[in-house]
Amino acid sequence: VSDPIQDLSFEEAMKRLERIVADLEAGNYSLAESLSRFEEGVALGRRCRELLASADLRIRTLVETPDGTLAEGEAFDEE
Amino acid sequence: VGLFDEARKRPLPRYPAAVAVVTSPTGAAVRDIFATLRRRFPCVEVLFLAVPVQGAQAAPAIARALDALSARGGADVAIVGRGGGSIEDLWAFNEETVARAIHRCAIPVISAVGHEKDVTIADLVADRRAATPTMAAEIAVPDRSDVRHRIDALERGMGARMRTRLERGGARVGELLRSYALGRVRGRIEHSMQALDYAALRLHQGLRARARDRSAGLDALTARLGALDPRGIMRRGFAVCVDPRTGRVLRGAGEAVAARDVYLSFHDGAVAAVVGRRIAEETR
């Protein structure tokens, strides 16, 4: 739970945001704790939106090497 | 044995970080898949493994690609398939080699072979069957406008809960302050109460404004919420008196005298205290 929000994947950030909303709904926190969870939730929502707005699809081409493992290949030309 | 068992079909990840695509580099299928992923969820990473999808080399190449992908890791779901063609063209996807490779793949596999009417062995073994390559991409990732709505709903839920919580919390702080025999500083209490009411009012206005105009940032709201933290009031010179045996807040001089050993909780920590005699009304 200690990962900085900026390093979270979309799925991790969404899961944490959903968890915070559920926890706030359960209402087991002190007022001060609720506020800090709320602030964390706001930051998580912002992180999710940022990732959703992120640039173009990254396509990595993987090619088989003689020993059967995968290596990075040349960029795929979609044209 | 067990290749077609419905019970072993794995659920797909809701928000995959990386999608593997195993198909031919030529033809419409790969372009349809990439275009659909880009339109719906462009923050996903694509791992593309180019394979022949017809001819004698196809089945072993597809199987090797899936095995290599399992060994490498890094993808959350795989799409395997090709566009439409004759029964002979699709034959690789009826081969046992491919069926077994799908079955032992480390991540869930979505098959997309040909058109709606074409059903291959690969389709039956895969965790999900898509009628077309485009539909495979639609199954693999969520649509980002749906996801944005979900985030909106979560933020609204959070805001509503926080408001309720603040109303409750705010009332309790007011009660506490009122219950103390602090006649000499009544003016200061009232000042604090007004500040609290004012902050609560601004919070409500903030929430209403946000409901009307969703583009208003949550940052401002968060800052207003901070103003309601009871620690802010305590920082101005108030302490809460607690009976350490029960954890209960003491609400009057009589209770404090009866408890004798108490904790005084300040904004930055608590101290143990021993209560002396009750003092006369006029010297309070």
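Two strands are taken to pair if DSSP finds at least two bridges between them. In the predicted model described here, this criterion applies to strand E6 (residues 240-243) and strand E8 (residues 261-266) of chain B, which pair in the antiparallel sense over 3 bridges. Within this pairing, B:Cys241 stands opposite B:Leu264 in E8(B). Both strands belong to an open sheet of 4 strands in chain B, with the order E7-E6-E8-E9 and antiparallel pairing. The edges of the sheet are formed by strand E7 (248-249) and strand E9 (269-274) of chain B, each of which pairs on one side only. Strands of a sheet pair through backbone hydrogen bonds, in either a parallel or an antiparallel arrangement.

Chain B as a whole contains 10 helices and 9 strands. Of its 284 residues, 43% are buried. When contacts in chain B between residues at least 6 apart in sequence are considered, 65% of them join residues at least 24 apart.

B:Arg260 is located in the loop between helix H10 (253-259) and E8 of chain B. Its phi angle is near 65°, a positive value in a residue other than glycine. B:Arg260 counts as partly exposed because its relative accessibility is 46%, which falls between the limits of 20% for buried and 50% for exposed residues. B:Arg278 is found in the segment after E9 of chain B. With a relative accessibility of 55%, B:Arg278 therefore counts as exposed. Apart from residues up to four places away in sequence, B:Arg278 touches B:Ala253, B:Gly254 and B:Val257. The C-alpha atoms of B:Arg278 and B:Gly254 are 7.8 Å apart in space, while the two residues are 24 residues apart in sequence.

A parallel pairing is found elsewhere in chain B. Strand E3 (residues 77-82) and E4 of chain B run parallel and are joined by 5 bridges. In this pairing, B:Gly81 stands opposite B:Ala112 in E4(B). Strand E4 (residues 109-113) of chain B is mostly covered, with 5 of its 5 residues buried. In a regular strand, side chains alternate between the two faces of the sheet. In E4(B), B:Val109, B:Ser111 and B:Val113 point one way, whereas B:Ile110 and B:Ala112 point the other way. The residues on both sides of E4(B) are all buried.

Chain A has 79 residues, of which 41% count as buried. Its secondary structure comes to 2 helices and 2 strands. From the N terminus on, these elements are arranged as α-α-β-β. Among the contacts in chain A with a separation of 6 or more, 44% are accounted for by residues 24 or more positions apart.

The contact between the two chains involves 45 residues from chain B and 42 residues from chain A. Together, chain B and chain A bury about 4,300 Å², with 64% of this area on carbon and sulfur atoms. Between the chains, 8 salt bridges are counted. One of the salt bridges is formed by A:Glu18 with B:Arg14, whose closest N and O atoms are 3.5 Å apart. The count of residue pairs in polar contact between chain B and chain A, with both residues at pLDDT 80 or more, is 11.

On the side of chain B that touches chain A, the elements giving two or more residues are helix H1 (28-40), strand E2 (45-50), helix H2 (58-72), helix H6 (144-179), helix H8 (218-226) and helix H9 (230-235) of chain B. H6(B) provides the largest share of this side, 15 residues. By residue class, the side of chain B that touches chain A divides into 26 nonpolar, 3 polar and 16 charged residues.

Strand pairing also extends across the contact between the chains. Strand E1 (residues 58-64) of chain A and E2(B) run parallel and are joined by 5 bridges. Within this pairing, A:Thr61 has B:Phe48 in E2(B) as its bridge partner.

Conventions: Residues are numbered from 1 along each chain as its sequence is written. Chains are lettered from A and ligands numbered from 1 in the order in which they are written. This is a predicted model: local features need pLDDT of at least 70, side-chain atom pairs count only at pLDDT 80 or more; totals for chains, interfaces and linings use all residues. Side-chain values use heavy atoms; hydrogens and water are left out. Contact means heavy atoms within 4.5 Å. Buried area is the accessible area (1.4 Å probe) that two parts lose on being put together, summed over both. A salt bridge is a side-chain nitrogen of Lys or Arg within 4 Å of a carboxyl oxygen of Asp or Glu. A polar contact is a pair of N or O atoms within 3.5 Å; within protein, one must be able to donate a hydrogen and the other to accept it, and residues adjacent in sequence count only if both atoms are side-chain atoms. Ala, Val, Leu, Ile, Met, Phe, Trp, Tyr, Cys and Pro count as nonpolar, Asp, Glu, Lys and Arg as charged, and the others, Gly among them, as polar. Buried means under 20% relative accessible area, exposed over 50%, partly exposed in between (1.4 Å probe, protein chains only).
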